[in-house]
Amino acid sequence: MVYHINKGVGRPIVFKGLKAQYIAYLALGLVLMLIGFAIGYVSGVPLVFLMVLVVVFGGGLFVVVFRMSARFGEHGLLKFLAKRGLPKYLVFRSRRLFTGLKNVRS
């Protein structure tokens, strides 16, 4: 018997330089732009205006997603957002919370 070893186990998915969840972010952005284009076209917005909007927003989407992928990597964006959510410092006016912990039996 010949068993093939999958050498990519545990490694992040990479496609054209995009890592992990950034592939989904780019795909979701493109789908939303397609839906926006279809709504604009059906509602009668001039085609030239729609094309300019799609090129500008599409280019911006690509630039932003590729920069985030390069800057943060696979898990860095989630860590960055979690760190921003932490308070700078905590203020305790009383030690009662901590001194009462010794007496609690669980």
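1. On the face of α1 turned away from its buried side lie the exposed residues Leu28, Leu34, Ile39 and Val42, where exposed means over 50% relative accessible area, buried under 20% and partly exposed in between (1.4 Å probe, protein chains only). This is a predicted model, in which local features need pLDDT of at least 70 and side-chain atom pairs count only at pLDDT 80 or more, while totals for chains, interfaces and linings use all residues. Residues are numbered from 1 along each chain as its sequence is written, and side-chain values use heavy atoms, with hydrogens and water left out.

2. The buried residues of α1 are Tyr22, Leu26, Gly29 and Gly40. Because they cover an arc of only 60° around the axis, they sit on the same side of α1. Their cover includes β2 (18–19), α2 and α3, with contact meaning heavy atoms within 4.5 Å.

3. The 21 residues of α1 (residues 22–42) should span 30 Å at 1.5 Å a residue, which agrees with end C-alpha atoms that are 30 Å apart. After α1 comes Gly44, with a positive phi near 95°.

4. Helix α2 (residues 47–72) packs against helix α3 (residues 76–84) at an angle of about 80°, their axes being 8 Å apart. That makes α2 roughly perpendicular to α3, a term for angles of 65 to 115 degrees.

5. In this packing, Met68, Arg71 and Phe72 of α2 meet Gly76, Leu77 and Phe80 of α3. The residues of this contact divide into four nonpolar, one polar and one charged, with Gly counted among the polar residues.

How values were computed
Axes fitted to C-alpha atoms, helices over the stretch in contact; angles between N-to-C directions. Helix = DSSP H or I, 4+ residues; strand = E, 2+ residues; numbered from the N terminus. Parallel < 35°, antiparallel > 145°, perpendicular 65-115°, else oblique. Expected span 1.5 Å × (residues − 1). Arc of directions from axis to C-beta.
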